[in-house]
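Subject: Structure handover

Hello,

Here is the structure I promised to pass on. Please open it beside this email and read the notes that follow.

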Amino acid sequence: MILAGLQKLTLLDYPGEVACTVFTKGCNLRCPFCHNPELVLPGLSQGNRQEDSILKNNISSNDTSHPMGELPPGSSPNQTEAFFDYLNRRRGKLSGVVVSGGEPTLHADLPEFLGRIREMGFLVKLDTNGMRPEVLRKIVDAGLVDYVAMDVKNSPRKYAMTCGIAYLNAEATDTEAAILWERARESISILMEGHAAYEFRTTVVTGLHTEQDIKEIARQLSGARAWYLQQFIGEKKLVGSYCRGRRTLKLCTPSVAELEKMKSAVQLDVPSVALRGV
Ligand code: SF4
């Protein structure tokens, strides 16, 4: 695993549990509204903050976050051992561990990592963008996770745009873009089989999401046990702000009233829908 950080205590990230959150490095998407550019854009961790050139310089054959690709094996055993030492000291105090990112499913040794956490007696929650359903399938079927939170980025027709895929590949074809939605759809199906507890979550951004989009997502999530609409909060350092020149998107925070209206519009399709963070 390539670990990028540890939040030692969270009462929010794992519903009902006292947990810590470990962040993995690298992501296969470039959601413009993402608040974690240092986990997503490889150049930032090396102090290279040149706009635009970050992606040009790093989307190359040895880019560790190539779309849909797999990261190389873990680069820092000491870091991993330090994390497990911390967990060892928190036995009896923490009940759960959230494995977040970046995108954890890019790491080839994720199953082993999750298994080791569970063997220590902790519950495991995985945060994922659902772009690697084959990995999700393996992990769920092996019983390595207790809870999965999956981002559902937008309606199928806007999926690629919302994932920032044009930042990664300006020449992405419609077929390549459609693959993103297909992958999300497959991951949604895996989770809705119900072998592990799960939630879907959509960060709602004015400029990316309309009420119609939320309705289209709802049709895909009909019957889901939990779906949260999260309010996008603007910040200076978003992934999209490092990608200017490719495509400029104006991203704004939706009002609570707008979110409430969206929620009401989809409540029949997905009765479990709720707002989070407002
Ligand atoms: S919000 Fe998007 S870019 Fe950021 S970590 Fe999640 S999937 Fe990756």
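A residue is called buried under 20% relative accessible area, exposed over 50% and partly exposed in between, using a 1.4 Å probe and protein chains only. Helices (H or I, at least four residues) and strands (E, at least two) are DSSP runs, numbered from the N terminus.

This is a predicted model, where local features need pLDDT of at least 70, side-chain atom pairs count only at pLDDT 80 or more, and totals for chains, interfaces and linings use all residues. Residues are numbered from 1 along each chain as its sequence is written, and side-chain values use heavy atoms, with hydrogens and water left out.

Helix H4

Start with helix H4, residues 110–119. Its buried residues include Leu110, Phe113, Leu114, Gly115 and Ile117. Arg116 counts as partly exposed because its relative accessible area is 34%. Its C-alpha is 9.3 Å from that of Leu144, 28 residues away along the chain.

Gly102 sits in the loop between S3 and H4. The peptide bond from Gly101 to Gly102 is cis, with omega near 10°. For background, most residues other than glycine have a negative phi, and most peptide bonds are trans.

Rings and charges

Rings of Phe, Tyr and Trp (its six-membered ring) pair if their centres lie within 6.5 Å; planes under 30 degrees apart are stacked, over 60 edge-to-face, and the rest tilted. That rule gives 6 aromatic pairs. Phe83, Phe84 and Phe113 are joined into a cluster by ring pairs.

A charge sits over a ring if NZ of Lys or CZ of Arg is within 6 Å of the ring centre and within 35 degrees of the ring normal. Arg116 is placed over the face of Phe84, 3.8 Å from the ring centre. Arg225 is over the face of Tyr198, at 5.8 Å from the ring centre.

The largest pocket

The search uses a 1 Å grid over the protein atoms alone. A pocket is an open set of points with protein on both sides within 12 Å along at least five of seven lines, whereas a cavity is a set where a 1.4 Å probe fits but cannot get out. Lining residues have an atom within 4 Å of a point. Points are joined across faces, edges and corners, and a volume is the space filled by probe spheres set on them.

The largest pocket has a volume of about 1100 Å³. Its lining holds 39 residues. Nearest its centre are Asn36, Asp151, Arg201, Thr203 and Gln230. Strands S2 (19–24), S3 (96–100), S4 (123–128), S6 (197–204) and S7 (227–231) are the elements that give two or more residues to this lining. S6 gives the most, with 4 residues.

By class, the lining has 15 nonpolar, 14 polar and 10 charged residues. Here Ala, Val, Leu, Ile, Met, Phe, Trp, Tyr, Cys and Pro count as nonpolar, Asp, Glu, Lys and Arg as charged, and the others, Gly among them, as polar.

Gln230 is in strand S7. Gln230 counts as buried because its relative accessibility is 18%. Gln230 and Val205 are 25 residues apart in sequence, with their C-alpha atoms 8.9 Å apart.

Cysteines

How many disulfides are found in the whole structure? The search finds 0, taking a disulfide as a pair of cysteine sulfur atoms within 2.5 Å. The sulfur of Cys163 has its closest cysteine sulfur in Cys31, at 5.2 Å, so the two are too far apart for a bond. Cys31 is buried at 7% relative accessible area, and Cys163 is buried at 0%.

Two more positions

Gly240 lies in the loop between S7 and helix H10 (256–266). Gly240 is buried, at 14% relative accessibility. Gly240 and His35 are 205 residues apart in sequence, yet 9.4 Å apart in space, C-alpha to C-alpha.

Arg219 is in helix H9, residues 211–220. Arg219 is exposed, with a relative accessible area of 51%. Its C-alpha is 6.5 Å from that of Asp269, 50 residues away in sequence.

Best wishes
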